[in-house]
Amino acid sequence: MPITLTVPLDLPDVRVLSHRMLEGGTVLIEVESTLQTARCHRCGREIDWFHGFDRPIRLRHLPVFGRDVVVEIRPKRYQCPYCGGGPTTTQRCAWYDPRRPHTTAFEQDVLKRLIHSTVADVSRQFGLGVKAVEGILDARLAPTVDWTLFSTLETLGIDEVALLKGHGHYVAVIWARDVDGQNHVLAVLPDRLRMTVQSFLENIPDGLKATVRWVCMDMWEGYASAVAAALPKAQVVVDRFHVAVHYRDAVDTLRQAECHRLNADRPPERAIPTAALRPLLRREWRSLNPDQQGKVIELFEQTPTLASAYVLRTLLTAIFDQTPDRTTAQSRLQLWVTQVKASGLHCFDKFLDTLDHWRDGILNYFEGGHNSGFVEGLNNKLKLLKRRCFGLDDPIELFRRLWLDIEGPRLWACVRSREIMLTHGA
């Protein structure tokens with residue numbers, strides 16, 4: 001049954017010649033380019049001496065009214081009068097790549113569907129093979145970051161992620177947060193070695209290197225050395241939450257020892273309920289209700305040592321929460337260290353060594369409150385992507401998919417905004 005429609009191709013410099021229905025319900029649209037010139041492949045000049053048509057090619061395009069669409073075009077050929085022998089050149093159109101079986105718009109739609117999805121799902125939606133979808137990914141997404149898209153790099157974040165179960169095959173992931181608060185993925189490196197990270201940082205264009213002010217990380221000596229060598233003007237910021245893990249673990253270790261000591265000579269019916277008290281001691285005092293606070297006080301009455309450690313832990317957390325600047329933080333941390341040494345507690349000994357070694361990185365936190373919170377949030381996106389794809393252990397493929405998930409929504413939102421503005425302007 002013939003169809004009558006006005007085909008909304010939305011392709012630049014194209015005139016529709018005819019359209020018809022093929023077997024299976026696919027719409028075939030024959031088009032012709034309206035461009036009257038080509039660029040000589042030998043000398044690079046613009047030429048307009050028409051020579052003829054090349055063989056017709058068929059390209060899959062965006063569906064129309066729920067039906068698959070194939071666009072057929074016979075590319076024009078032009079002869080160059082400037083080159084010896086009069087070589088001919090096939091005209092190139094912006095809306096397709098002659099080496100690809102799809103139009104650019106179709107492949108961009110495939111990429112759009114891949115955001116927060118899987119290759120297998122998109123393959124089923126479009127009736128494409130998995131290899132075809134992967135080929136579009138390889139052709140349209142670069143394997144490394146495009147530095148021309150950035151004007152500044154305000155804050156970098158470096159962390160490692162295990163791609164395999166059992167904490168195997170670690171890769172280093174480098175993120176960025178610009179002055180507008182937008183997050184970007186810069187690299188998924190094949191390992192987390194210092195030289196690998198340093199090599200990547202050294203390859204950042206000099207103009208962008210100068211805009212890097214902060215590099216947030218956990219207490220990893222290799223990353224700090226790489227930043228110091230490649231970005232000497234940037235300040236390393238040790239994430240306050242990684243610091244908190246160390247001093248809170250010190251109190252937790254003391255709690256285990258004290259509860260074991262108190263329960264050593266007691267019958268089971270009079271034993272301290274360590275399992276019930278453990279989550280209460282790990283929480284801040286102000287978050288406990290009166291009944292929970294009473295249970296904690298009963299424990300502290302039996303072990304003043306644990307009470308002192310709990311108070312010191314709370315004081316240190318308050319320093320991180322309420323200190324306004326670096327100078328004040330330095331004096332308050334020194335006072336806290338003095339209090340720890342005066343208390344006679346030894347559970348913080350290891351943390352005091354850590355605090356002394358990473359003092360500059362920890363104090364840098366107080367200059368602007370920078371931390372690795374955005375890095376941990378983005379790492380969760382990476383882990384979700386791995387689970388969604390049932391494992392993804394290729395760093396290049398992982399970078400492409402991360403870039404698509406993070407940059408894709410912003411990219412298509414900007415395109416859509418421009419289309420709306422143009423429509424309203426018309």
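Reader: In which sense do strand 5 and strand 8 pair, and over how many bridges?

Author: Happy to start there. This is a predicted model, so local features need pLDDT of at least 70 and side-chain atom pairs count only at pLDDT 80 or more, while totals for chains, interfaces and linings use all residues. Residues are numbered from 1 along each chain as its sequence is written, and side-chain values use heavy atoms, with hydrogens and water left out. Strands (E, at least two residues) and helices (H or I, at least four) are DSSP runs numbered from the N terminus, and two strands pair if DSSP finds at least two bridges between them. Tryptophan 49 stands opposite glutamine 79 in strand 8. Strand 5 and strand 8 (residues 76–79) pair in the antiparallel sense, over four bridges.

Reader: In the hairpin of strand 1 and strand 2, which glycine takes a positive phi?

Author: Strand 1 (residues 14–21) and strand 2 (residues 27–33) run antiparallel and are joined by seven bridges. Histidine 19 stands opposite isoleucine 29 in strand 2. The hairpin has five residues between the strands, and the residue with a positive phi, near 95°, is glycine 24.

Reader: Which strand gives the most to the lining of the second largest pocket?

Author: A pocket here is an open set of points on a 1 Å grid over the protein atoms alone, where a 1.4 Å probe fits, with protein on both sides within 12 Å along at least five of seven lines; lining residues have an atom within 4 Å of a point. The second largest pocket is lined by 19 residues, with Val161, Ala162, Leu163, Lys383 and Lys386 nearest its centre. Two elements give two or more residues to this lining, helix 14 (373–388) and strand 10 (155–164). With six residues, the one that gives the most is strand 10.

Reader: How is helix 11 oriented relative to helix 12, roughly parallel or roughly antiparallel?

Author: Axes are lines fitted to C-alpha atoms over the stretch in contact, with angles from 0 to 180 degrees between N-to-C directions. The axes of helix 11 (residues 326–343) and helix 12 (residues 349–357) come within 11 Å and cross at roughly 155°. Angles over 145 degrees count as roughly antiparallel, under 35 as roughly parallel, 65 to 115 as roughly perpendicular and the rest as oblique. Helix 11 is therefore, relative to helix 12, roughly antiparallel.
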